[in-house]
Amino acid sequence: MLSPEAERVLRYLVEVEELAEEIVDLDTKRNQNREALRALQQDLSLSEDVMVCFGDMFIKMPHPQTKAMIEKDQAHLDSEIDTLRKQLKLKVNRLFEAQGQPELKGFNLNPLNQDEMRAVKVILKG
């Protein structure tokens, strides 16, 4: 039998692993959506219907409706992945705390948005 502290560490480790797997699954779906959007942009005119796979069925849908549906799904996946990544950061910090290790430094950093990147480039150019 594990000590209470070891059980707590194991529980956090399982939670972190489950969150990481969920992020990977959602990211795979997001990449598939990107591929579908790229295919829609390359080959078809707006007047043609396209075949869309839902589970194990193919359904013929209008091109604009299909594109809008995939873009909406893409936005939903992006927000869900961001939420899960934030949760993952908290869980990893709790895991380190439970193991008696110091918190990771720089782990809570956020990337710069486009406006911030433009401002940095302006500053660097002088």
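Before I go on, a word on what we're looking at. This is a predicted model, where local features need pLDDT of at least 70 and side-chain atom pairs count only at pLDDT 80 or more, while totals for chains, interfaces and linings use all residues. Residues are numbered from 1 along each chain as its sequence is written, and side-chain values use heavy atoms, with hydrogens and water left out.

So, back to Glu 15. Which side chain does Glu 15 meet in a salt bridge? That's Lys 91, at 2.7 Å, N to O. By salt bridge I mean a side-chain nitrogen of Lys or Arg within 4 Å of a carboxyl oxygen of Asp or Glu. Helices here are DSSP runs of H or I with at least four residues, strands are runs of E with at least two, and both are numbered from the N terminus.

How many salt bridges does the structure hold? Four. Another one of them joins Arg 30 and Asp 27, at 2.6 Å, N to O. Both of those residues lie in helix 1, three residues apart, about one turn of the helix. Their accessibility is worth a look: Arg 30 counts as buried, at 12%, while Asp 27 is partly exposed, at 24%.

Then there's Arg 118 with Asp 115, where the closest N and O atoms are 2.7 Å apart. These two are in helix 3, residues 114-125, and again we have three residues apart, about one turn of the helix. Arg 118 is partly exposed at 48% relative accessibility, and Asp 115 counts as exposed at 52%. There's also a network: salt bridges that share partners join Asp 27, Arg 30 and Asp 78.

Now the surface. Glu 17, Glu 18, Glu 21, Glu 22 and Asp 25 gather in a patch of negative charge. Glu 22 is placed in helix 1 and is partly exposed, at 36% relative accessibility. There's a nonpolar patch as well, formed by Leu 2, Leu 10, Leu 13 and Val 14, with about 330 Å² of accessible area together. Val 14 is another helix 1 residue, partly exposed at 40%. For patches, the residues have over 30% relative accessible area and no salt bridge; like charges are joined within 9 Å, and nonpolar side chains (Val, Leu, Ile, Met, Phe, Trp, Tyr) within 5 Å. Asp and Glu count as negative, Lys and Arg as positive, and His and the chain ends aren't counted. Each charge is placed at NZ of Lys, CZ of Arg, CG of Asp or CD of Glu. The areas come from the Shrake-Rupley method with a 1.4 Å probe, and for residues only the protein chains shown count as cover.

Last, the whole chain. It has three helices and two strands, running α-β-β-α-α from the N terminus on. The radius of gyration is 21 Å, well over the 14 Å that the globule rule gives for 126 residues, so the chain is more spread out than a compact globule. That radius is taken over C-alpha atoms, and the rule is 2.2 Å times the number of residues to the power 0.38. Along its principal axes, the C-alpha trace spans about 65 × 55 × 15 Å. And buried residues make up 21% of the 126.

Technical notes:
Buried means under 20% relative accessible area, exposed over 50%, partly exposed in between (1.4 Å probe, protein chains only).
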